[in-house]
Amino acid sequence: MRTVLVTGPGGAGRSTVAAATALAAAANGGRTLLISAEAIPGFPAATEPTRVTGLLDHARIDSGEHFRAELTELQKRASGVLDLLGAGRLDGEELTELPGSPQLALLHTLRRAAEGDWSGYDTLVVDLPPLTEALALLALPEQLRRYLRRLLPAERQAARALRPVLAQLAGVPMPAQWLYEAAARKDAELAAVQALIEDGSTTLRLVAEPGPAAEDALRTARTGLALHGLRADLLIASRVLPRHSSDPWFAALAAQQEKCLDHWHQDVAPDVPVHEAAHLGRDPQGPDDLAALEVPAPDDRTPGRAPDPWWTEEEQDAEGGGTTLTWCLPLPGAAKEDLRLVRRGDELLLTVGPFHRIVRIASALRRCTVSGAALADGVLRVRFTPDPALWPRTSGSDAGPFG
């Protein structure tokens with residue numbers, strides 16, 4: 001299944017373009033499912049896949065319904081603890097969703113698609129939140145799985161044989177087993193979503209209305225995309241006005257768009273194709289209007305997620321002082337003042353502006369100490385020096401791993 005993730009700066013018409021992309025994929029003869037949290041005019045609002053056209057289905061995400069279902073299920077699983085504490089149960093009708101629930105509802109919906117609950121589709125088109133939120137959302141499965149491993153490491157379950165004894169002594173059921181089971185279940189669900197996001201057939205489609213604000217947002221997004229190894233297959237310039245008009249105000253606005261588009265075609269198009277979607281003079285109201293935008297269908301030949309962007313360079317000290325290994329990551333558009341780098345054990349905590357990622361250090365570098373870092377020409381270089389104290393010594397020799 002081909003997955004197309006659609007996002008862009010807020011107010012750029014991202015949901016419209018996502019719907020137009022799905023319609024184009026279906027018109028090419030592939031069974032297509034569109035997932036969106038936003039209402040799309042002319043499309044059904046059901047939370048299960050519902051037919052729009054012959055080969056196109058739509059499922060709308062209801063984050064409130066998902067939040068109530070998840071909390072109700074959690075109360076059932078934790079019933080023993082809640083009864084012990086004398087806690088009153090919350091009914092679904094009195095539950096109000098909390099901040100963050102739309103993101104979790106979207107991940108849940110992606111998990112259903114990834115695990116085959118909704119099978120038989122050739123293309124999955126996902127209408128993501130605005131750009132910065134979308135990049136944070138795509139990084140969330142990896143982050144949440146890390147939290148679960150730290151808070152509930154699997155090796156601690158080795159003591160589960162003692163739980164019946166502990167439960168007898170305490171006189172109450174021990175919650176640890178169901179807690180570990182719940183963590184394992186959530187880890188498996190997040191792993192399925194992470195696999196879908198990182199799959200080579202998954203691409204990101206950007207939507208932006210030409211103008212200064214969109215240019216700034218896309219420039220910032222380049223760094224986030226590189227940090228997470230994501231690659232855009234198309235930049236869609238939305239709501240493009242006619243080039244010529246006798247109205248001075250309209251002409252000035254069109255000229256501003258044209259200047260921005262020229263810049264995108266020159267600087268962006270070499271790496272990411274640019275498609276101009278004309279302004280219809282109204283908000284699209286259904287499949288016919290969406291087809292008039294002439295948004296291209298996803299191309300199966302377009303590569304998806306980039307391979308791991310990190311690479312390692314080895315350098316010999318000119319004065320014979322040993323070997324230095326440099327771990328390199330391209331971060332186009334990053335500024336030194338927005339960069340923070342922290343090593344914690346076998347992990348590297350990297351923050352670039354609004355973007356954050358924790359990566360596991362390559363095995364060859366874990367027995368090294370960080371001796372410096374530099375950002376130059378859009379590439380972050382982290383220098384590692386082998387630490388003899390961390391390498392096992394060979395018999396009769398104090399030589400390190402590199403001689």
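Leaving aside its neighbours within four places in sequence, with which residues is Leu128 in contact? The legends below concern a predicted model, and the first of them answers this question.

**Figure 1. Surroundings of Leu128 in the largest nonpolar core.** Once neighbours within four places in sequence are set aside, Leu128 is in contact with Leu5, Val6, Thr7, Arg14, Leu106, Ala134, Leu137, Leu138 and Leu204. The core itself comprises 60 residues, and Leu128, Trp264 and Trp327 are the members that touch the most others. The greatest contribution to this core comes from helix α5 (residues 131-151), which supplies six residues. In soluble globular proteins, nonpolar side chains tend to be buried together.

**Figure 2. The aromatic pair of Trp327 and Phe384.** One aromatic pair is found when the whole structure is searched. Its ring centres, those of Trp327 and Phe384, are 6.3 Å apart, and the ring planes meet at 75°; the pair is therefore edge-to-face, since planes over 60 degrees apart fall in that class. The pair connects distant parts of the chain, with Trp327 in strand β10 (residues 323-330) and Phe384 in strand β15 (residues 379-386), 57 residues apart. Trp327 and Phe384 are both buried.

**Figure 3. Strand β4 and its two pairing partners, β2 and β3.** Strand β4 (residues 56-60) is mostly covered, with four of its five residues buried. Five bridges pair β4 with strand β2 (residues 32-36) in the parallel sense. Strand β3 (residues 50-51) runs antiparallel to β4 and is joined to it by two bridges. Four residues lie between β3 and β4 in the hairpin that these strands form. Asp57 of β4 has Leu33 opposite it, and Arg51 likewise stands opposite Asp57.

**Figure 4. Arg31 over the ring of Tyr121.** Arg31 is placed over the face of Tyr121, at a distance of 4.5 Å from the ring centre.

**Figure 5. Two buried cysteines, Cys260 and Cys328.** Cys260 has a relative accessibility of 3% and therefore counts as buried, the limit being under 20%. Cys328 counts as buried because its relative accessibility is 0%. The count of disulfides in the model comes to zero, a pair of cysteine sulfur atoms within 2.5 Å being required.

Notes:
Residues numbered from 1 in each chain as written. Predicted model: local features only at pLDDT ≥ 70, side-chain atom pairs only at ≥ 80, totals over all residues. Heavy atoms only, no water. Buried < 20%, exposed > 50% of the residue type's maximum accessible area, 1.4 Å probe, protein only. Pairing = 2+ DSSP bridges. Phe/Tyr/Trp six-rings, centres within 6.5 Å; stacked < 30°, edge-to-face > 60°. Lys NZ or Arg CZ within 6 Å of the ring centre and 35° of its normal. Core = buried A, V, L, I, M, F, W, Y, C linked by side-chain atoms within 4.5 Å. Contact = heavy atoms within 4.5 Å.
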